[in-house]
Amino acid sequence: MAARIGDVGKRGRSGSLPVCTSTADNASTKSGSPSTAAKRKNRIAELKTSAMSMLPSLKTSSKTDQVSPLGTPIIGRRGHIFTISTPVTEDVVMRPQPQSQKAVPCEGDPFDQRRKMTSAPNTPRQDEEDDKEPVWQRRLSLLFVPPTENELDTEKEEETCQLLPSVTSVAVLPKRLSVDSNHSPALQRKDKDTDTGEENSKRRKEGVSQSENPVVLEKPKPQQRIIFQDTKHEEEEEGTLFIPSYVNNDHNSDASSSSLATSDEEEAGGDDYNSWDDTICSNRSAYFKMYYSHRGIIGGNRGEDTKSKASHASSHNSLSSLIQERMGKPQVTQLKRTRAELGLMVLVAALFIVIVVGITLTSYFYNLHLLELSIFNRIKFYETPRILEIYDATWSPLTTVHLGSNLPDNSIPEDCTHYLHYLKKHNFTMPHTHDNEDYEDMICLDWTGLAQVQLRKLFAQGDVQCYSVWWKASHEGFTLRDCLKADIEHGAWWGGGEMSDGGYPITNANIAPKDMVTGKLGRNSWGQLLRRTWLSERASLLTLPESFNGQVSINYDKDGQICLESGPHPSLVVPLPSMKYNLCTAPNLTSLIYFMHQESINKRKIVAEYTPSLVSLVYDQKEKQTVMNTGTKVSAPRILKEVFQGQVEERVQERLEHPVWVPWMPPDRPQLTQDSVIEYVDNILNQTFGSWGHVLLPASWQAQPGDLLFDQERFPDPATLSQVLKKKGFHLALTLHPFVSVEASAFNNGTKEQLWVRQKNSTLPALAHYDETHPSVVTDFSNPRAKQWFADRLKYLQNKYNIDRFHLQPADAHALPVFHEYHLPLPGPDSVLVHFMAAVSTVSPPVSTEGTITPPLPPTFLTLGTADGSWNGLETLVPRILTLSMLGYPLVDIGPIGGIARSGHVPERELYIRWLEAAAFLPAMQVSVLPDMYDEEVVQLSFEYAAMRKNMVLPRLYKNITGALERGIPLIAPLALYAPDDSVAATVDDQWIVGDDLLVAPIIRRGERTRNIYLPEGIWKDEIDGHLRRGGRWVKNYKVPLTKIPHFTHKAVEDYV
């Protein structure tokens, strides 16, 4: 068979054996003369006879070895078609044929011969052999009949196949064709019809007789190509699906009947190779045209790239997959890809990566842009957990706040920003307006029925940017609560003011939710020196306004948070709780401290207005106009500056150089008298301390509290007392407080003039207790008449006794009645303190004050509260001073050495020595118990440390006075300010820096003779033994004798290179 196939292929290529004719030729036959049609019919019959003579026999009788000639196409075991280069026996190549069936010579129509064999009964052995017999292998030889010139003509699209003898009609079966190119799948079988195999055979015979008497047929309608399912899928995957032009689709002739009969026979139980034979016949013309066109043989030159190599691969795969389907073998996927295909794959992969990256970046910046639009620049607000985060320029987190911690979890707010902008633009009344604060931008969030919050971006002041957070509850019973994260993970935080447990940093404190008002140390959590401000090592700030009337908790139960709460308050006029605070950021701590200094100037300017001889206020820049988002123009805040006169700096130097002497009285003489004061001063001079200063009389110098008149029995001649002290080098200073006893001569007249703090919604004065013994009233310094009355009393003392130095002892908020009110609507109970200071400053600036909520106007110093004369007081002394220094209080007086100035109280010797050592390196001090109360060694120590202070400490303090007055830089700095980038230094609470290079680390616990000392980066000289020590590390177990205090000076590296 292989030999005959090869011969046919050779003749086909020479054009001597045309087989198929186009439909155009059929049309010409119908319309031409009978002679021409007869000639053509004879020609076709000859071709049929010649083709059938070359067809192989359907069966082989024996396995005789036949040799295939060289170059003959062979079908292998796996369905591959190839040519052999050496003679190979067909027994090796072809499958063995069944021995039980005899070969039948190919006579006449090979299809009839095959169908006879198919209809013949088979034995069980023959059926089993037929199942394995590759009958299609013989029918495949039809494909190797060479195409005609008409079949290879690309311009002739309508074709029919006349491969079979002229006596047989073309049977085109609809069984395996896909009428619609979009229809799926093309190889599905139809359901079996009612026709039997015998009827199909009968119809086939009728078809033969009709072909013998040909009838001129009408031009058939175009018929679509038959598409096998596997071929269709392969061509779709390869992108080379080829759709032929037309095939006959309308079977009006008898050929249609023959086709249907054959289909019925196959469905009735016969084998389906008939339909496959006809399918091969129907696709021959399209296949050869496509096959030779892809190789450039027809339809163009070989050099033209009309079709891609992928199309050729697809055609080959279609034939291969057809063979593999019939052999029951899986399809073989072509793995080898061309260079163009690989380049295309790389391009697609690159485009996919670019698209994914682009979508990711677009989503990121889109979400980022939404956050910026909602919560301004460098602020993120996560709605579900209600976390507000403020970032710096490098997007590192600075501040983290949990907003509305009492709101329901996973609650989503509504945006009320546009509503408020609309009201403000059209001059409508703003709901829940709390002040006339100017802002650059604002966003409003509302939790319906619970609370509403407004986040405002304020105008920047220099390089400090602030944001205000304002809450308003929607009903009376709701408690507002926000918590700022202040644990070690979020950086060290300091501030708040004096706390009983020190609280530097705040992780060392533990304060339950309480009203943040002034009180007594040891009795209340907060002392009398407060500032409702906290700052962190990351240069972020939290400030509370004076109007804040809620509660504050600091690291309560070690939760590492600063929590603010505001709920229903009985003394509030407005029933709905509200809460407001500010969050600020700066590039560094120095900028933040200067910003706080500017804030204190704005708050104490009322005091400056009463002392024009000492300070004047000026603005250092012109007013700026800024256009808001709403279209309105607002003025950016101007920077206010204080210009001090020369005598202010002189008084500060005097206060630093000389201590304040508080006369101590022995137990047998508890009452302070004029003679005892002179005796105390003489004792100071006899011991030749070489220090002068102020002699401070306690508040008991008055006959009645608040009468502002000397007790004539104890101080018969105050003028003489003042003159004697001045001759000895001392200034006489008096302690003042706002309490007025009901037994004082001024009580009745002041009640008529309404000079006292009155009861709420009444004209009657509110009663309080001074020193827990005297029923008293409190002077209302918010009333101009009361302020003038108090100033007149001080002027009387100044003019009559030549006394112009005063120490303030204000009333703390806990000493006031719960239900009280001032003449002016002050925002809080401690807001009156600045008015108290202003009233005194009209006569003379106070020397010091024991209570304030804002840095006082220089030259006034702060005096730390005297809780007790114990070791606990010394342990909390340094943390309290460091906290005040961080809050912008540069001028600090540590109070009496030993802790308390009380008649008959003498601190223990070790405590007194350790306190004396620490006080020598601090800005200012008080002395009550003299060193001679102990022994000669203590007296000598006092001389040594007085000289050390004069030579080593005071020059450094004097150098920093200007910075303290103009920028609020503390005279002594915590290590956090000295080394702002050192996280370890930020948590050291018992060391400080004097000036720029002197580090002090005192002993503050009983019985200790060693301690650990942290040295920042650099080279440090030990001033005790003179050794040099490398910084940036801890010095463990540093030995400290009782009479020594560890102190180091920083040395430049260049001095030792």
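Biologist: In this predicted model, which elements do the buried residues of α21 pack against?

Modeller: The buried residues of α21 pack against α15 (589-610), β24 (730-736), α20 (784-801), β29 (805-808) and β31 (848-849).

Biologist: What makes helix α21 mostly covered?

Modeller: Helix α21 spans residues 833-841, and nine of its nine residues are buried, where buried stands for a relative accessible area under 20%. The residues in question are Leu833, Val834, His835, Phe836, Met837, Ala838, Ala839, Val840 and Ser841.

Biologist: Why is α23 called roughly parallel to α24?

Modeller: Helix α23 (residues 909-919) and helix α24 (residues 936-959) pack at an angle of about 10 degrees, and their axes are 10 Å apart. Angles under 35 degrees count as roughly parallel, so α23 is described as roughly parallel to α24.

Biologist: Which residues of α23 meet which residues of α24?

Modeller: On the side of α23 they are Arg909, Tyr912, Ile913, Leu916, Glu917 and Ala919, and these meet Glu937, Val938, Leu941, Ser942, Tyr945 and Arg949 in α24. Sorted by class, the contact of α23 with α24 has seven nonpolar, one polar and four charged residues.

Biologist: How do you know that Glu937 and Arg909 meet in a salt bridge?

Modeller: The N to O separation between the side chains of Glu937 and Arg909 is 2.6 Å, and the rule asks for a side-chain nitrogen of Lys or Arg within 4 Å of a carboxyl oxygen of Asp or Glu, so the pair qualifies as a salt bridge. With relative accessible areas of 43% for Glu937 and 27% for Arg909, each residue is partly exposed.

Biologist: How many salt bridges does the count come to?

Modeller: By this rule the count comes to 19 salt bridges. One of the pairs is Glu565 with Arg481, whose closest N and O atoms are 2.9 Å apart. Because Glu565 lies in strand β16 (residues 561-566) and Arg481 in strand β10 (residues 480-485), the pair ties together parts that are 84 residues apart in sequence.

Biologist: Why is Glu565 called buried, and why does Arg481 count as partly exposed?

Modeller: The relative accessible area of Glu565 is 18% and the relative accessibility of Arg481 is 22%. Buried requires a value under 20%, exposed one over 50%, and partly exposed is what lies in between, so Glu565 is classed as buried, whereas Arg481 is classed as partly exposed.

Biologist: What makes the phi of Asp557 worth a remark?

Modeller: Most residues other than glycine have a negative phi, whereas Asp557 has a positive phi of about 55 degrees although it is not a glycine. Asp557 sits in the loop between β15 (551-554) and β16, and at a relative accessible area of 57% it lies over the 50% cut-off, so it is exposed. Asn802, likewise not a glycine, has a positive phi near 60 degrees, is found in the loop between α20 and β29, and counts as partly exposed at 40% relative accessibility.

Biologist: Which peptide bond is cis, with omega near 15 degrees?

Modeller: The bond from Pro858 to Pro859 is cis, with omega near 15 degrees, and Pro859 lies in the loop between β31 and β32 (861-863). A cis peptide bond also joins Tyr504 and Pro505, with omega about -15 degrees, and Pro505 has its place in the loop between β11 (493-499) and β12 (511-515).

Definitions and conventions. Residues numbered from 1 in each chain as written. Predicted model: local features only at pLDDT ≥ 70, side-chain atom pairs only at ≥ 80, totals over all residues. Heavy atoms only, no water. Buried < 20%, exposed > 50% of the residue type's maximum accessible area, 1.4 Å probe, protein only. Helix = DSSP H or I, 4+ residues; strand = E, 2+ residues; numbered from the N terminus. Contact = heavy atoms within 4.5 Å. Axes fitted to C-alpha atoms, helices over the stretch in contact; angles between N-to-C directions. Parallel < 35°, antiparallel > 145°, perpendicular 65-115°, else oblique. Nonpolar A, V, L, I, M, F, W, Y, C, P; charged D, E, K, R; others polar.
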